Structure formats: C-alpha cells, structure tokens
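I opened this notebook to record what I looked up in one structure. The entries follow the order in which I took up each topic.

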Amino acid sequence: QVQLVESVGGLVQAGGSLRLSCAASGSVFSPYVMGWYRQAPGEQRELVAVTGSEGTKYAESVKGRFTIYKDKNTVYLQMNNLKPEDTAVYYCNFRRPALATEGSWGQGTQVTVSS
C-alpha cells in the first residue's frame with residue numbers, strides 16, 4: 001500500500017558525493033522502518049542503512065561515509081567519499097517493524113563510481 005519513488009542516481013568519481021532520495025506515498029503511518037539496500041554485479045543484495053524508531057544502523061562498509069535521514073515522508077541517503085566498490089543499484093525499502101515481510105520497494109537507481 002506504500003509507493004516509493006527514488007531519485008535518479010548518477011556517475012561520480014571516487015571521493016565524490018551523491019545524495020539519493022526516496023519519496024513515500026500511500027499508507028505511510030507509523031510505526032515504520034525505511035532503509036536503503038544495494039546490489040552490485042555478481043553480488044547479493046545487502047543492507048546499506050536503515051532508520052526507524054529504534055534508531056539508525058549502517059553497514060560496516062559505509063560507516064563514517066554515508067548518512068541516512070528523513071524529512072516528512074522522504075528518506076535520503078547522503079553518500080560522501082564514494083569508492084568504486086559502492087557501485088551498485090540502490091533500492092529504497094519501507095516495512096512494518098512488526099511484520100516479517102519485505103514491505104515495499106523503490107524502482108532502483110544506478111550509482112556508478114569511477115576511479
């Protein structure tokens with residue numbers, strides 16, 4: 001019942017920055033958890049960052065470089081000091097904390113970091 005629309009990613013050089021956004025609409029009532037996942041070629045999908053009433057968590061590989069935050073019904077992922085290994089398709093996710101379901105997903109956006 002929740003629709004997620006992600007911003008366009010982009011191509012940046014190593015060390016650069018990029019901000020992704022994800023606008024949620026529909027049944028966006030609390031409590032909920034929103035986060036960002038990514039999948040690189042030949043690799044499995046992994047959690048990048050998640051935020052909710054319990055706090056914020058980050059993958060070890062992005063700690064100190066990425067920041068997740070919300071403004072109204074939009075969640076952002078600020079990515080600084082990007083590395084080539086950050087290259088992946090990034091997906092926004094919305095889920096209910098009490099439900100063991102995958103929730104709703106954004107369409108995915110490509111982020112490419114060149115060296």
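**Entry 1: the nonpolar core**

I looked up the largest nonpolar core, which holds 28 residues; Met34, Trp36, Leu77, Met79 and Tyr90 touch the most other members. A nonpolar core is a set of buried Ala, Val, Leu, Ile, Met, Phe, Trp, Tyr and Cys residues joined through side-chain atoms within 4.5 Å. Buried means under 20% relative accessible area, exposed over 50%, and partly exposed in between, with a 1.4 Å probe and protein chains only. At least two residues of this core come from each of the strands S1 (2-6), S3 (18-26), S4 (33-39), S5 (46-52), S7 (66-71), S8 (74-79), S9 (88-95) and S11 (109-114). I noted that the model is predicted: local features need pLDDT of at least 70, side-chain atom pairs count only at pLDDT 80 or more, and totals for chains, interfaces and linings use all residues. Residues are numbered from 1 along each chain as its sequence is written, and side-chain values use heavy atoms, with hydrogens and water left out.

I then listed the contacts (heavy atoms within 4.5 Å) of Met34. Leaving aside neighbours within four places in sequence, Met34 is in contact with Leu4, Cys22, Ala24, Val50, Thr51, Ile68, Val75, Cys92, Asn93 and Phe94.

**Entry 2: the chain as a whole**

I found zero helices and 11 strands in the chain. Helices (H or I, at least four residues) and strands (E, at least two) are DSSP runs, numbered from the N terminus. The radius of gyration is 14 Å, close to the 13 Å that the globule rule gives for 115 residues, so the chain is as compact as a globular protein of that length. This radius is taken over C-alpha atoms, and the rule is 2.2 Å times the number of residues to the power 0.38. Along its principal axes the C-alpha trace spans about 40 × 30 × 25 Å. Of the 115 residues, 42% count as buried. Among contacts between residues at least 6 apart in sequence, 56% join residues at least 24 apart.

**Entry 3: backbone details in the loops**

Which peptide bond did I record as cis? The bond from Ser30 to Pro31 is cis, with omega near 0°, and Pro31 is found in the loop between S3 and S4.

I also recorded positive phi values in residues other than glycine. Lys72, in the loop between S7 and S8, has phi near 60°; Lys72 is exposed, at 75% relative accessible area. Asn81, in the loop between S8 and S9, has phi near 50° and counts as partly exposed at 39% relative accessibility.
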